[in-house]
Amino acid sequence: MADPSPAVRRLADWDTDRLESLADEYDTPLYVIDLDRVKANYRRFSAAFPDARVMYAAKAHTGRAVLEAVLEAGGTIECAAWGELKRSIDAGAGPNTLQYTAVNPPAHDLDYATDLGAENPGLTVTIGATDTLERLAERGYDGRIAIRINPGIGTGHHEKVATGADAKFGIPYEEVPEVAERVRAEFDLVGLHAHAGSGVLTDGLAEHCRAISRVGEMARRVGDLEFVDVGGGYGVPYREDEPPLDLERTAEMVRDAVGEIDAQLKLEPGRYVVADAGLILSTVNTIKEAPDTTVVGIDASLATLIRPAMFGSYHPMVNVTAPERDHHPVTVGGPVCTSADVFAHDRPVARLERGDTLAIGMAGSYGYELASQFHSQPRPAEVALEAGEDRIVRRRESLEDVTRVEQ
Ligand SMILES: *Cc1c(COP(=O)(O)O)cnc(C)c1O
């Protein structure tokens, strides 16, 4: 029998007949999210860290159905903005279980978080600048605080997501003991936190763990903490030939890096929980033979999935209509008027014809979340799969939705 919870679900593992019928029924472009896979991912990650608390970093995919699935799997939620706090509560999270990471927080975010904290003393606010302490105090907040440390070491699949060494994030390492004293005087210091980057796979793990070891070291210096939170950043293999993260080895390395601490270990994976649980279905509009390549025009664009344009990210693709045809290299692009609106160059895909359905995989994280209405395109619908059933969890936007806020 096949492993019910393999370390990665490749695009090729999805049932193409089922995907084709979803495209027929719900139209394209269409986001698909498999909630059973979300739960399996959360549980697998959590099982690798049996005494740790694994929070899901909501910003990877804040859809209500996903948040509900994480809660059902036993997770709690890490939020980085007021909207994420609200969505988590709407999905059924207890406000006392939430952790709010304030990165340069806008005033309305702090108002919302401190109002929430006034009623729910279990809420934790993670600060990355001493300014934020002053702004919390002005709002009468004297509750739970975690200090985000800038470990001075960053990791990640792209410079735009390597946050650890970036001065924007966290309190400079050497200032942490002094800031801890200050927090203890006015608030309840409960934890230290660091999130060093994103998309870390086996190769980047040693560097990631160096950053984590700095947090463990600081925890021993500061002492008397409830938790040490080593953030997220655990990667998924976007390329078909990349191996998945070895979770057992990762857990061992993380534990060794943190070292002996008299506090609970916390982790905040985002991408790992949702990336391979989601994909996009698109329809081929245009086939154009150009001198150097065949250009396949699909109805998804960088407004649907911005990762290739923003990060140069690779996303796997499968011709869902006819996966058995011969493979030919093609350029796949969307309908937006910029050369950045290209999902792949020279990508071998089973020969596509106009009207075929093309699936773009590994789109569950930072996919719909970063979708926009650029080119006045309504955002796509999202269909959730769970226990053999499917249901629309975000309806397709209409043209009226595109102009709804104009006065
Ligand atoms: C984005 C983020 C995460 C999750 O990162 P992934 O790479 O998706 O695992 C965790 N913690 C914080 C504070 C974040 O900003």
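Here, "exposed" means over 50% relative accessible area, and "buried" means under 20%. Keep that handy, and remember that you're working on a predicted model.

**Exercise 1.** Work out whether Ala-387 and Asp-224 are buried or exposed, and say what their phi angles look like.

*Solution.* Start with Ala-387, which sits in the loop between β19 (381-386) and β20 (389-394). Its relative accessible area is 64%, so Ala-387 is exposed. Now the backbone: phi is positive, about 50 degrees, though Ala-387 is no glycine. Next comes Asp-224, in the loop between α8 (205-222) and β11 (227-229). With 69% relative accessibility, Asp-224 counts as exposed. Asp-224 also has a positive phi of about 50 degrees without being a glycine. For background, most residues other than glycine have a negative phi, and most peptide bonds are trans.

**Exercise 2.** Find which peptide bond joins Thr-28 and Pro-29, cis or trans.

*Solution.* Check omega: about -10 degrees, so the bond is cis. Then place Pro-29: it falls in the loop between α1 (16-26) and β1 (30-34).

**Exercise 3.** Identify which residues come nearest the ligand, and how much of the ligand the protein buries.

*Solution.* Take the 15 residues around the ligand: Lys-59, Ser-198, Glu-268, Arg-271 and Tyr-366 come nearest. Sort that shell by type and you get three nonpolar, seven polar and five charged residues. Then look at distances to ligand oxygen atoms. A polar side-chain atom of Lys-59 lies 2.8 Å from one, a side-chain N or O atom of Ser-198 is 2.3 Å from one, and for a polar side-chain atom of Tyr-366 the value is 2.6 Å. Finally, the ligand taken alone exposes 390 Å², and the protein buries 94% of that.

Note on methods. Residues are numbered from 1 along each chain as its sequence is written. This is a predicted model: local features need pLDDT of at least 70, side-chain atom pairs count only at pLDDT 80 or more; totals for chains, interfaces and linings use all residues. Side-chain values use heavy atoms; hydrogens and water are left out. A residue is near a molecule or strand if one of its heavy atoms lies within 4 Å of it. A polar contact is a pair of N or O atoms within 3.5 Å; within protein, one must be able to donate a hydrogen and the other to accept it, and residues adjacent in sequence count only if both atoms are side-chain atoms. Accessible areas come from the Shrake-Rupley method with a 1.4 Å probe; for residues, only the protein chains shown count as cover. Ala, Val, Leu, Ile, Met, Phe, Trp, Tyr, Cys and Pro count as nonpolar, Asp, Glu, Lys and Arg as charged, and the others, Gly among them, as polar. Helices (H or I, at least four residues) and strands (E, at least two) are DSSP runs, numbered from the N terminus. Buried means under 20% relative accessible area, exposed over 50%, partly exposed in between (1.4 Å probe, protein chains only).
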